[in-house]
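Please look at the sequence and the model shown below before reading on. The report then goes through the helices and the sheet in turn.

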Amino acid sequence: MAITKNTILNHQEIQHKIRRIAYQIYESNVYEDEIILAGIEANGYILAKKLKSNLEKISELKPILCKVTIDKKNPLTEIKTSLSKEEYSHKSIVLIDDVLNSGSTLIYGVKHFLDVPLKQFKTAVLVNRNHKKYPVKADFKGISLSTSLNEHVEIILSGKQFEAYLK
């Protein structure tokens, strides 16, 4: 039995979704001077870099990148960030990942940042699936999908052509 690949978003659509999410982040942080874009390694961090680039084009907001390293198979292990707690304390943070599936990666990422006082905390994903095991939501999302548990969303953000597909 062959595995079929159904394109959800093509390159142009992904670029459009990223630009739209950047505007939403800006609107939510219009009175801030800077914002922390915390991208979950690997695709979440790539998405954070693309959002940073878009934010710099559309606003005076100073986006600061933070790489978040989470063991997605064992999220209870130590979570590492490229910024110290002092660097994101009392700031507005957006935690970014490519796909919100069960919610475990995002909720453990949220938990990590709650050790310090924050001005505001939001989440952003490119694809929001409706199979959450945890009470976490995406504040900013490119697209929401109702999929079966057997289906898998794959996102390619490297190279010249971006693509999101269901397999």
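## Helices across the sheet

In this predicted model, helix 2, which covers residues 43–58, lies across strand 2 (34–40), strand 3 (62–69), strand 5 (92–100) and strand 6, and runs at about 155° to strand 2. Helix 4 (residues 104–113) lies across strand 2, strand 3, strand 4, strand 5 and strand 6, with an angle of about 165° to strand 5.

## A closer look at helix 2

At 1.5 Å a residue, the 16 residues of helix 2 should span 22 Å, and this agrees with the 23 Å between its end C-alpha atoms. The buried residues of helix 2 are Asn43, Gly44, Tyr45, Leu47, Ala48, Leu51, Asn54 and Leu55. Their cover includes helix 1 (11–28), strand 2, strand 3, strand 5, strand 6 and strand 8 (153–156).

The open sheet is formed by six strands in the order 4-3-2-5-6-7, and their pairing is mixed. Strand 4 (80–81) and strand 7 (140–145) each have a single partner strand and stand at the edges, so one side of each is left without a neighbour in the sheet.

## How neighbouring strands pair

Strand 2 and strand 3 pair in the parallel sense over seven bridges, and isoleucine 40 stands opposite valine 68 in strand 3. Together with helix 2, strand 2 and strand 3 make a right-handed β-α-β unit.

Strand 6 (residues 120–129) and strand 7 pair in the parallel sense over five bridges, and the bridge partner of arginine 129 in strand 7 is leucine 145.

Methods
Residues numbered from 1 in each chain as written. Predicted model: local features only at pLDDT ≥ 70, side-chain atom pairs only at ≥ 80, totals over all residues. Heavy atoms only, no water. Pairing = 2+ DSSP bridges. Helix = DSSP H or I, 4+ residues; strand = E, 2+ residues; numbered from the N terminus. Contact = heavy atoms within 4.5 Å. Axes fitted to C-alpha atoms, helices over the stretch in contact; angles between N-to-C directions. Expected span 1.5 Å × (residues − 1). Buried < 20%, exposed > 50% of the residue type's maximum accessible area, 1.4 Å probe, protein only. Right-handed = clockwise from strand over helix to strand, strands pointing away.
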